[in-house]
Amino acid sequence: MVSYRVARASEYLVITGYGIHDIKLAKKAWILPGQSCSRFDVSPVNYTFEVQAMSSEKLPFLLPAVFTIGPRIDDHESLLKYAKLLSCHERHSHEVKDLVQGIIEGETRVLAASMTMEDVFKGTKDFKKEVFDKVQLELNQFGLWIYNANIKQLVDVQGHEYFSYLGQKIQMEAANQAKVDVAEAKMKGEVGAKLREGQTIQNAAKIDAETKIFSTQRQGLGKKEEIKVNAEIKIFQNLRDAEVAEANMKLATQKAGWAQSAEMAQVESVKAVAIKEAELQREVELKNALTRTEKLKAEFLSKASVEYDVKVQEANWELYKKQKQAEAVLFEKQKAAEAQKLVAEAQFFAKQQAADGELYAKKKEAEGIVSVAKAQGVYVQTLLQEFDGNYPQLRDYMMINSGMFQEVAKINASAVQGLQPKISIWTNGDGSSTGNGTSTGGGSASGAMGEIAGLYKALPRLMQTVEEQTGMTPPAWLAGPARSVNTPTWV
């Protein structure tokens, strides 16, 4: 039958069956025939455990913990997981508790095994956070959420009383320290009392001796200071002549102050002796020997101190003079080095300026050459366009325009200048002579034999010309007397 179901505020309805693919969660719904409806509570439950774990040092301990766990109601997917996996069990059933406890114990033991007992004990907050995060990751599979986690104080496992022994150790250390402090305070009190008594007796014994020695020490100090001032004046007199007057004034003032102090010390000494005379009258005889000994010690000490200061001042004066001499030599060498450096820098600067000027001139000259070349290129390109790309015409025009033909003519003229060529015209009497030096016969010679005869007739004059111009004489067999009927005529 059809029924209408309503869930409580902390409950949800789980509906399965007819018309529903998987499951359906609702706070209120109509339940149709063929559908099943159940409800589950989503309020969180407290789970209390005592997890037994072991640290990395193999020390077991108990970790009491309280976890508040319940379904995650702000995530629909988590509610579906819980409804499918755990809603069939009661919230306080052993199954759910064993599941949660198993997850918590497993993660806690794994984390504790990687930490020392000291880390677990001191870093409880970090340890709790690590356990919380790791347990939450496992509970997400079941749709559960940790609302609160509280880890109590660590507890010893029976038979392994680590924390008990640690507490006893701290208590014993505190008790022993308290005993040591009490004994030390008692010791300091007793020692201080005895020390004060001894100091009182010693101070009473020293007052008379110090009173009588005081005047002697003042005199020795006065002499010591006077010698010291004199030595200082000798040290600085060569360098600070201008301060001599001021130094003398300060010296006079100091002497007056010393004299006044000495007089005041004497007056105070007399007054102190008068005041203490009644109190120390009984001990005068016992302290006379000590007084004389201290007096002799003071005198010898004063003399030795004065001599030591004088020698120290003299040594300081010698050292000061040597230092000043060394500083003067060093200063002179430094100035010489600085002068050489300045001269070198000036020479370097002059050379650099000259090089920069030469570089600038070369650069400008190169720029001019480049400009002229560019202008000539444009000029040649323009002429080539005017000649319609005819390169021979452009070459002839440029040679004529630049006067190259005139130069060639001048060179050829100078090459033949001074030469004295000899021109000879000869004939064998049989015909007229020609321009090339050969003759034509009238009828005696013709054809090939005529040519040969003309060649032989030209040989004598040719040999004579070679001899005149080169100095070479033809062989005798070639330049012998010609046997010719006709004798040539030389012009």
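**View 1. The lining of the largest cavity, by residue class.** In this predicted model, the lining of the largest cavity divides into seven nonpolar residues, two polar residues and one charged residue, where Ala, Val, Leu, Ile, Met, Phe, Trp, Tyr, Cys and Pro count as nonpolar, Asp, Glu, Lys and Arg as charged, and the others, Gly among them, as polar. Ten residues make up this lining, and Tyr47, Ile69, Tyr82, Val96 and Leu144 are those that lie nearest the centre of the cavity. A cavity here is a set of points, on a 1 Å grid over the protein atoms alone, where a 1.4 Å probe fits but cannot get out, and lining residues have an atom within 4 Å of a point. The space in the largest cavity comes to about 70 Å³, a volume being the space filled by probe spheres set on the points, which are joined across faces, edges and corners. Strand S6 (45-54) and strand S7 (60-71) are the elements that give two or more residues to this lining, and S7 gives the most, with three residues. Helices (H or I, at least four residues) and strands (E, at least two) are DSSP runs, numbered from the N terminus.

View 2. Three strands, in the order S3-S2-S5, form an open sheet with antiparallel pairing, two strands being paired if DSSP finds at least two bridges between them. Strand S3 (24-26) and strand S5 (35-41) are the edge strands, each pairing on one side only, and the twist averages 30 degrees from one strand to the next. Helix H1 (residues 76-85) packs on the sheet and touches S2, S3 and S5, its direction making about 110 degrees with that of S3. Contact means heavy atoms within 4.5 Å, while axes are lines fitted to C-alpha atoms, for helices over the stretch in contact, and angles run from 0 to 180 degrees between N-to-C directions.

**View 3. Pairing of S2 with S5.** Strand S2 (residues 11-17) runs antiparallel to S5 and is joined to that strand by seven bridges. The bridge partner of tyrosine 12 is phenylalanine 40 in S5.

**Notes to all views.** Residues are numbered from 1 along each chain as its sequence is written. In this predicted model, local features need pLDDT of at least 70, side-chain atom pairs count only at pLDDT 80 or more, and totals for chains, interfaces and linings use all residues, while side-chain values use heavy atoms, with hydrogens and water left out.

Terms used
On a 1 Å grid over the protein atoms alone, a cavity is a set of points where a 1.4 Å probe fits but cannot get out, and a pocket is an open set with protein on both sides within 12 Å along at least five of seven lines; lining residues have an atom within 4 Å of a point.
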